[in-house]
Amino acid sequence: MNGLAAALVYPGITAMFVYLLVAVWLERKLAAKVQWRYGPLYVSRRLGGLLQGVADAVKLIFSELVIPSYTNKALFAALPLVVFFADALPVMFIPGASDLIIYRSQYGLAYILVILLLTTPAIVAMAWVEADKFTYIGALREILIEAAYEVPLALSILAMMILYGPDPVGAVQAQKVPGILANPLAFFAYFVSAAMATSRFPFEIPDADTEIVFGPYTEYGSSLLLASFGANYVALYSFSLLGALLFLGGWSPVEGPLGALVMLAKALLLTTVWLFLRAVYPRLRIDQALKLGWGSLLAISVASIAVSAAWRIWLG
């Protein structure tokens, strides 16, 4: 019964779509605040424009869906949904509280890591099906960016698995102090790698709209554009929950429904910082991002493994 509640409510479908609405609104509002603008306002003015995202989604859903005649129509329509589903799949193994998890596995963190690295091939396939020069450039950038972040991301998660084991629930129970204090190097590597994986500024390089229109998503419109656009925020939801679990103590120090709220609040804190980057950082060039990923970020993530190993040896 708890598994069904987790799948349908939190951290599953309902919470995910509410998160999408809030994250898009919050990103716009944060950028507007820094730039001395109002941001979303007129749709649900009393709520501060919170429902602007709903209005935008309705507009996209009811706009005409144009599929280029030269593409494989089945793949063109299916791949955005595959990307959306792949970005949402890690939530299946991430507990929202001690008794709120869709599928409990003692190797859940390992499964999550593998799934997080599987979305790029689907995005590249989207670009190939669209057969547009801008989508090809975007796909190439996506491949290069993944090559720069996947090793630091994997090492940062592996560092926490060395400390706490591969069981997500056990990882929270094993944290005497939050993971961010036990291994700050792993947190830094995870935070930057997640920003690269979800195209947060300053790493919005594969779909840089001022350079290559919309990168791998250029030819999409209507509901398929909505799925493609929403997939990045779904991935951010997964990374936020996982970051709260590994580095902020999850639902500790409480259990039950209150613990679920604590976990969600910690995830939203991480989300807010990632979204705020749009307002304060310019976009990096692709060579700068690759130099960061294969240089200092890789070194920091390797050092985080050493830190975790030292803790394990020290604690026996």
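**Exercise 1.** Is Asp-167 buried or exposed? Locate the residue in the chain and find a backbone contact of its side chain.

*Solution.* The structure is a predicted model.
Step 1: Asp-167 has a relative accessible area of 15%.
Step 2: The cut-off for buried is under 20% relative accessible area. Asp-167 is therefore buried, at 15%.
Step 3: A polar atom of the Asp-167 side chain lies 3.3 Å from the backbone nitrogen of Val-169.

**Exercise 2.** Classify Leu-51 by its accessibility, and name the surface patch to which Leu-51 belongs.

*Solution.* 
Step 1: The relative accessibility of Leu-51 is 34%.
Step 2: Partly exposed covers the range between the buried limit of 20% and the exposed limit of 50%, so Leu-51, at 34%, counts as partly exposed.
Step 3: Leu-51 is placed in the loop between α2 (13-34) and α3 (52-61).
Step 4: Together with Leu-47, Val-54, Val-58, Ile-61 and Phe-62, Leu-51 forms a nonpolar patch on the surface. The accessible area of these residues together is about 560 Å².

**Exercise 3.** Describe the aromatic pair formed by Tyr-19 and Tyr-237, and state which parts of the chain the pair links.

*Solution.* 
Step 1: Searching the whole structure gives 11 aromatic pairs.
Step 2: In the pair of Tyr-19 and Tyr-237, the ring centres are 4.8 Å apart and the planes make an angle of 50°. Planes under 30 degrees apart would be stacked and those over 60 edge-to-face, so the remaining class is tilted. The pair is tilted.
Step 3: Tyr-19 is in helix α2 and Tyr-237 in helix α12 (residues 222-247). The two are 218 residues apart, so the pair links distant parts of the chain.
Step 4: Tyr-19 is buried at 5% relative accessible area, and Tyr-237 is buried at 2%.

**Exercise 4.** Which residues do ring pairs link into a cluster, and which ring has the charged end of Arg-200 over it?

*Solution.* 
Step 1: The cluster is made up of Phe-187, Tyr-190, Phe-191, Phe-239, Phe-247 and Trp-274.
Step 2: The charged end of Arg-200 sits over the ring of Tyr-233, at 5.0 Å from the ring centre.

Technical notes: Residues numbered from 1 in each chain as written. Predicted model: local features only at pLDDT ≥ 70, side-chain atom pairs only at ≥ 80, totals over all residues. Heavy atoms only, no water. Patch = residues over 30% accessible without salt bridge, like charges linked within 9 Å, V, L, I, M, F, W, Y side chains within 5 Å. Areas by Shrake-Rupley, 256 points an atom, 1.4 Å probe, with all protein chains shown as cover. Salt bridge = Lys/Arg side-chain N within 4 Å of Asp/Glu carboxyl O. Helix = DSSP H or I, 4+ residues; strand = E, 2+ residues; numbered from the N terminus. Buried < 20%, exposed > 50% of the residue type's maximum accessible area, 1.4 Å probe, protein only. Phe/Tyr/Trp six-rings, centres within 6.5 Å; stacked < 30°, edge-to-face > 60°. Lys NZ or Arg CZ within 6 Å of the ring centre and 35° of its normal. Polar contact = N/O pair within 3.5 Å; in protein donor to acceptor, adjacent residues only side chain to side chain.
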